[in-house]
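Trainee: Please put the model up. I have a few questions about it.

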Amino acid sequence: MSHSVVHEANNCEKRPTPEEFFKRQPEPGFIKSIDEYHEMYKKSIEDPEEFWAPLAKDLISWDKPFEQVTSGDLKTGNVGWFLNGELNACYNCVDRWAFSTPDKPAIICENDDEAQSHVLTYKELLYEVCKVSQILDDWGVKKGDTVAIYMPMNSQAIIAMLAVARIGAIHSVIFAGFSSGSIKDRVNNASCKALITCDEGKRGGKTINIKKLCDDALDNCPTVEKVLVYKRTGNPEIFMKEGRDYFWDEEAKNFSGYIPPVSVNSEDPLFLLYTSGSTGTPKGVVHTTAGYLLGAAMTTKYIFDIHAQDILFTAGDVGWITGHTYALYGPLSLGVTSVVFEGTPAYPDYGRLWAIVEKHAVTHFYIAPTALRLLRKAGEDQIDKYNLSSLRTLGSVGEPISPDIWEWFNERIGKDQCHIADTYWQTESGSHFIAPIAGVIPNKPGSASLPFFGIDTCLIDPVSGKEIEGNDVEGVLAIKSTWPSMARSVWKNHTKYMDTYLNPYPGYYFTGDGAARDNDGYYWIRGRVDDVVNVSGHRLSTAEIEAVLIEFHNVSESAVVGISDDLTGQAIVAYVALKETEGVNIEDLRKTLILQVRKEIGPFAAPKSIIIVPDLPKTRSGKIMRRILRKISSYEADQLGDITTLANPQSVEGIIECFSQQFVAKK
């Protein structure tokens, strides 16, 4: 969105009005007016101890009360919340509801094949979680050990995560689209003691060799002692290594239905989640137990205005932070029913998501703009087949939602009766940074709106490093103080944590995103200012992809940039210079390099196009000027500015010609 559009969009829209929205609620809203929001927000910033303490006591069940609300600061990076308190995340998400509402659905699992879909009540979930916890406990997995989980998005993935948390261990979920090489890197970095996976996966009617990918990785993972395998398809040909691999169902028969939860300290890690960074090496982001759990519960409750009888359908995977926070820990910490979906929006047809909404009378639906673009492009015949009147709040996640998709989502799915929550946040934030509170904060299509409680947002001038005051301004988005659910570190590398998030602007948390603040104080997210691209909501390091390309024997240099894409939000374009060009079949090479990226990282990281060039534009110090490549890739070669300071300005004309011939031809 251009800056001028921000001016044009300054008028806030209330669709529906607060009166209309709350009329459809089963209970009064938790926050009833924008004045109440501003009052609460002000208190959360000016008096965080008084603001957070009662909320932590109300929303979390403690084994031992905390003694101090917060400590540390962004300058030193020694952040702590709810100090010396003790609790268990699994108890908070399962036991207390299994005791009070045992027959209430906890997880509605919609499998790829609808006929295999099923429901787990809170009582049943407790039973299943305890079984897996006892298996891990019998294997010697203890408090503080790390356990990797490589599973499709189904109920067993949720059970596995909770089972690890129950015994005080740390789960590290690896997205089931990652390659064996990526599994190996993440397992080894986390020194995982065990791995939980399944024989095969089902997605879009296709079978995925989940266990085979794990086997290939585990050949080089010395810390993994045991592997638990869930029989998803029951394929009898699956390889099982004696003494290492055990089937979930067979092991579970050996144990009773209950194991007490293990108390952990508020600041003990709950999970690691690996995310791409601008340096290329995946970072194990560390989230601790109490602060993360409170952030998940708070944002789910207030931003979505979700009540105990509501049903939240988060169409996201637990391999990413969205699935962690809003498919598991957010709804279950509130005793709310969560719908998890194993399949794709297009299988068996483009009406599958709407069929799920109708079937379960879903009240809250949370999805990425990428999927919405796909569904809009596929046509709207499937939408009209289903009754979507149960919906009250529609959420958008993963990337900024464009105004046209916002309007389509509002009109065609929400029927102008739902609140649209365009949520901005990150793996590192744990929960929402900026989002409009349902029924209270008026929307502006395309804007993330106003910050959540405790998120002290500001814009920084990237040149001077100073805060930009006032409205109608643009800069780098930063946070001025700590919040409960913020990541505490990078696993085994606190220096990287400091250098990535806290040292770029001392005293501030650096989001890595540019943003504008309009005349109403609303934030408009502009996208990354570092070398990270966002493809279909997946943050991918350009350096990580470049490192894979450079491994090919005939590649001398590579540079990866992100460009706008109608379907995926951003797409990857890779520029490659070769050592030898004689006798090289460009098309065959392009296919080989794309396959190499798919193999080493995963299919979702594959470049949309690879451009073979004679040379890459560089500064006199040898730094590749990706800004120029980004402009060329976006058909803005006439806006490159001064290139005379390049060490090789003559390279630019050749790159433009290669892009024109190779990218346009591919399209």
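Trainee: Which backbone nitrogen does the side chain of T146 reach?

Mentor: First, this is a predicted model, where local features need pLDDT of at least 70, side-chain atom pairs count only at pLDDT 80 or more, and totals for chains, interfaces and linings use all residues. Residues are numbered from 1 along each chain as its sequence is written, and side-chain values use heavy atoms, with hydrogens and water left out. A polar contact is a pair of N or O atoms within 3.5 Å; within protein, one must be able to donate a hydrogen and the other to accept it, and residues adjacent in sequence count only if both atoms are side-chain atoms. At 3.5 Å, the T146 side chain reaches the backbone nitrogen of C192.

Trainee: How far is the backbone oxygen of A190 from a polar atom of the T146 side chain?

Mentor: A190 is among the residues T146 touches (heavy atoms within 4.5 Å). From the backbone oxygen of A190 to a polar atom of the T146 side chain is 2.7 Å.

Trainee: Is T146 buried or exposed?

Mentor: Buried means under 20% relative accessible area, exposed over 50%, partly exposed in between (1.4 Å probe, protein chains only). T146 has 3% relative accessibility, so T146 counts as buried.

How values were computed. Lists of a residue's contacts leave out its neighbours within four places in sequence.
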